[in-house]
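Have it open while you read, and go through the points in order.

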Amino acid sequence: MDNKTQSNLNFLSPKIGTKRKKLRLGRGQGTGKGGTCGRGHKGAKSRSGFSKKIGFEGGQMPLQRRIPKFGFRRKNKRKIIELNLDKIQNLVDKGLIKSSLNQEILIKNKIISKNDFIKILGRGVISSSLKISAHKFSNKASSSIKKSGGSVFLLSK
């Protein structure tokens, strides 16, 4: 062959011995794969249309059924963020809070996210008078806020 015919892609072919004919199963005993067609004898795996279920262990009780189960987790559970009075006083000292504390201020300062549930707890002392809005207050927290001259507002759930 000359150089022109060697460079054409339509003359390319695989190397001799690299390509084999597909083995055709179930075509008689002379082919070597007749009778059972390489699937062995009997059982579900030898049948057509067999598909094993996830977690199937050959009839043994599957692992996910052997392990004891308890409890559950609600998908729509609200995340409760607990804020103590000392943390609120730190925010006042830093100048992040001036006269009132509400959900928008906490979201802006990245303390909570939009759907969080705010609960004010009574650890620490608050010295400045603030208007605090939250979903829940502990008894100690609400009395401390009122003693310092502030006010408490409950948010709706």
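The points below cover a helix, some strands and a few single residues.

1. Some housekeeping before the details. This is a predicted model, so to speak of local features a pLDDT of at least 70 is needed, side-chain atom pairs count only at pLDDT 80 or more, and totals for chains, interfaces and linings use all residues. Residues are numbered from 1 along each chain as its sequence is written, and side-chain values use heavy atoms, with hydrogens and water left out.

2. Start with helix α5, residues 139-147, where Ala141, Ser142 and Ile145 are buried. These three cover an arc of only 95° around the axis, which puts them on the same side of α5. The arc is that of the directions from the helix axis to the C-beta atoms. Buried means under 20% relative accessible area, exposed over 50%, and partly exposed in between (1.4 Å probe, protein chains only). Helices (H or I, at least four residues) and strands (E, at least two) are DSSP runs, numbered from the N terminus.

3. What sits on the face of α5 turned away from its buried side? There you'll find the exposed residues Asn139, Lys140 and Lys147. Just after the helix, Gly149 takes a positive phi of about 100°.

4. Now for what the buried residues of α5 pack against: α3 (85-94), β3 (117-121), β4 (131-134), β5 (136-137) and β6 (151-154). Contact here means heavy atoms within 4.5 Å.

5. Take β3 next. Two strands pair if DSSP finds at least two bridges between them. Have a look at Ile120 in β3: it is the bridge partner of Leu83 and also stands opposite Phe137 in β5.

6. Asn84 belongs to strand β1. Is this residue buried or exposed? It is buried, with a relative accessible area of 12%. Leaving aside residues up to four places away in sequence, Asn84 touches Leu121, Gly122 and Arg123.

7. Neither is a glycine, yet phi is positive: near 60° for Cys37 and near 55° for Lys42. Cys37 is partly exposed at 23% relative accessible area, whereas Lys42 counts as exposed at 71%.
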